[in-house]
Amino acid sequence: METIIVEHLTHAFGERRALEDLSFTVGEGEVFALLGPNGAGKTTTVRLLNGLYRATAGSVRVLGLEPATQGEQVRAQTGVLTESPALYERLTARQNLRFFGEMAGMPAGELRRRMEELLEFFDLAERADERVATFSKGMKQRLALARALLNRPKILFLDEPTAGLDPEASRQVRELIASLRRENGQTVFLCTHILTEAERLCDRVLILHQGRALAVGSLAELQQRFNPGVWVEVQLLEPRAIAPGDLTPALQVQAQDALLRVQVSRLEDIPTLIHRLAGLGTPILRVEPLRPSLEEIYFKLQDQAEGGQP
Ligand SMILES: Nc1ncnc2c1ncn2[C@@H]1O[C@H](COP(=O)(O)OP(=O)(O)OP(=O)(O)O)[C@@H](O)[C@H]1O
């Protein structure tokens, strides 16, 4: 089931177009990432999906609702973590959660249970009665995540969740996001410009450039689409001269000592390639498809988009 359906979404602030003809869907239990540089339109998209802005054109459905007119109903079922954690520094962790839970109208018993569960999950139970002002950035971000999850949101929106965190705290936050998905099947809508983060966490990504979608799909789909011709690395025990004709359906063979790089047109050609290699009678140590990283795809698309501009 699709939890988010966006069709031909356009949003302008006065003369400035922040989003232009954006279409995508997010399925239940999916971790979806919006990738793009500063100003690409990520935060604007999250605000539109939560009914904080009304779209200039196009349509948006979130959990079957129209955010622009049913914003409260949407927000009651979503959790949002913004770039800077919205917490009260002078209150303790527990007081913060209680305050936001009460504001959201959660019944006292349910709120108490949920708070303890989240404090435990985010490893904050021991410091729960200390003021947030004494917390590290990583702890604050974990508490902000707990706050966003109080109402058991059907969709969790994370806008740059690891911004400003050191590598260790970033890793912790990433692991928590991964475990939310593993343990609860949580639908996550992640905005980030950290490509390895998206690569590790997400099922599908949308690459945004100045408000326009350059590509949308799973990493495997993008690799296939933007890397026509798959390269396979083959490590032989010893060097041997091999021509593409020896390895049909190979398109090209490049050799450097005992290391070959062989190009085939599709992943499905690899088993035949292995069969042909085995038929040559040369001992093989390793066969590994080489695939472009999300980073390579991202920069290729961003560069093309830049180059295509007047
Ligand atoms: N309230 C606003 N008024 C006018 N222009 C705005 C407003 N909010 C955003 N914009 C513009 O819309 C475009 C998209 O901004 P947005 O904040 O959505 O980008 P972003 O991808 O979230 O970037 P960042 O990573 O810097 O937060 C930018 O050109 C920005 O200047």
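**A helix and what covers it**

Modeller: Let's start with α6, where Ala169, Ser170, Val173, Arg174, Leu176, Ile177, Ser179 and Leu180 are buried. Just so you know, this is a predicted model, in which local features need pLDDT of at least 70 and side-chain atom pairs count only at pLDDT 80 or more, while totals for chains, interfaces and linings use all residues. Residues are numbered from 1 along each chain as its sequence is written, and side-chain values use heavy atoms, with hydrogens and water left out.

Colleague: What makes Leu63 count as buried?

Modeller: Buried means under 20% relative accessible area, exposed over 50%, and partly exposed in between (1.4 Å probe, protein chains only). Leu63 has 18%, so it is called buried.

Colleague: Back to α6: what covers its buried residues?

Modeller: The cover includes α4 (108–121), α5 (137–149), β6 (155–159), β7 (187–192) and α7 (195–201). Helices (H or I, at least four residues) and strands (E, at least two) are DSSP runs, numbered from the N terminus.

Colleague: What is the phi of Leu63, and where does Leu63 sit?

Modeller: Its phi is near 55°, positive in a residue other than glycine. Leu63 is in the loop between β4 (57–62) and α2 (71–75). Most residues other than glycine have a negative phi, and most peptide bonds are trans.

Colleague: Which peptide bond is cis?

Modeller: The one from Thr248 to Pro249, with omega near 15°. Pro249 lies in the loop between β10 (230–236) and β11 (252–256).

Colleague: What makes a group of residues a nonpolar core?

Modeller: A nonpolar core is a set of buried Ala, Val, Leu, Ile, Met, Phe, Trp, Tyr and Cys residues joined through side-chain atoms within 4.5 Å. The largest has 49 residues, and Leu35 and Val205 touch the most other members. Its largest share, 7 residues, comes from α5. Apart from it lies another core of 24 residues, including Val6 and Leu49.

Notes. Contact means heavy atoms within 4.5 Å.
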